[in-house]
Amino acid sequence: MAQRVLAAAGPAQRRAIAKAITLLESTRADHRAQADEMLTALLPHSGKSFRLGISGVPGVGKSTFIEALGLFLIDQGHRVAVLTIDPSSTVSGGSILGDKTRMQRLSVHERAYIRPSPSGGTLGGVAEKTREAMLVCEAAGHDIVIVETVGVGQSETAVAGMTDMFVLMQLPNAGDDLQAIKKGVMELADLVVINKADLDPDAATRAQAQVTGALRLFGQMPHGPRDGQAWHPRVIQLSALLGQGVEGFWNEAREFKSLRTANGQFAARRQHQALDWMWERIDAGLKQAFRSDAAVRQLLPQLKAAVEAGRVPASTAARRLLAAARLPRHPGDDPGATQEHEFMEPGSGPG
Ligand code: GDP
């Protein structure tokens, strides 16, 4: 299957990408083994794209913007992939981003590939599939990968954690209500885009100033002169509908990339993300092994009841369960080897 993904661009390759991603999304154990093998084969061919994360509330204009940007980039000779993470689809199976009429022109373009969010599962699981789908698209030669999400839940953090540059889209009136500008999300933004500037240019300019103020307040932007070697988050306005400001947006993204490449932060962010991903998978694997452990399953109901009734402290119950669990080990593992910490701990790397 990997060979077909790596084949020349065209309808056959497009079908191969779709099949490969479907395989990744499968929950069957034999499919997972095949998927792991395929990813390993594709890995040396992946990683060469610019990964762009885009977030914003429903209706802010994400799909209008991504279509305009995608067509612009294709015009410049790029191949664009668009993947989505939709927290609403993980809960209900229904999807805010699932509307089939989105990005109509881009979706039929032979140099674009668009994949809606996998539905069902946890946000962590969906994020994991999206990360893997990104590798498939890159190996197939898509040199720009856009990961889109809605501004609800924790999905922004997931998207910022898998992309090179994170863009937050805002409406011109969002600045009127500073409450709407969540500190946590602002801290993730490398660029804030005020969309629909055509509707009310004055409001857009006001919003630009307000968001800039908020970024300063949150310490994301210096009060004094900019450091020419570093990237500081910026705020721009555009009209996705009229296609105004799309080229300006791309110039900002290119500057971000070249500054960050020159000062080493581009590569550092990728490395940090890869290690975070590894730890996230370890955590998930351990949790799953723990929950399916026979001794844990046997002890859990009584300890749960005891904790609920206040008879046993939660921390004591946790320690007992952990002690009871026989987590899988590979034959020949040396238990003493776990004493050494040669890997970076989560969150200890460069930001
Ligand atoms: P999404 O939910 O964030 O993907 O938003 P859409 O791209 O579907 O846009 C929501 C609505 O806003 C649609 O009716 C768009 O035509 C409209 N829209 C998007 N961008 C602009 C813009 O720049 N100006 C104006 N006036 N309308 C826009």
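**Around the ligand**

A: Let's start with the ligand: by class, its shell holds six nonpolar, six polar and four charged residues. Here Ala, Val, Leu, Ile, Met, Phe, Trp, Tyr, Cys and Pro count as nonpolar, Asp, Glu, Lys and Arg as charged, and the others, Gly among them, as polar. Keep in mind that this is a predicted model, where local features need pLDDT of at least 70 and side-chain atom pairs pLDDT 80 or more, while totals for chains, interfaces and linings use all residues. Residues are numbered from 1 along each chain as its sequence is written, and side-chain values use heavy atoms, with hydrogens and water left out.

Q: Which residues come nearest to the ligand?

A: A residue is near a molecule if one of its heavy atoms lies within 4 Å of it. Of the 16 residues around this ligand, the nearest are Gly-59, Lys-62, Thr-64, Arg-102 and Asp-198.

Q: How much of the ligand does the protein bury?

A: Accessible areas come from the Shrake-Rupley method with a 1.4 Å probe; for residues, only the protein chains shown count as cover. Alone, the ligand exposes 580 Å², and the protein buries 73% of that.

Q: How many residues of helix α7 are buried?

A: Buried means under 20% relative accessible area, exposed over 50%, and partly exposed in between (1.4 Å probe, protein chains only). In α7, 14 of the 17 residues are buried, so the helix is mostly covered. Helices are DSSP runs of H or I with at least four residues, and strands are E runs of at least two, numbered from the N terminus. After α7 comes Gly-141, with a positive phi near 100°.

Q: Why does the span of α7 agree with what it should be?

A: The expected span is 1.5 Å times one less than the number of residues. For the 17 residues of α7 (123-139) that gives 24 Å, and the end C-alpha atoms are 24 Å apart, so the two agree.

Q: Is Ser-89 buried or exposed?

A: Ser-89, found in helix α5 (residues 87-91), has a relative accessible area of 1%, so Ser-89 is buried.
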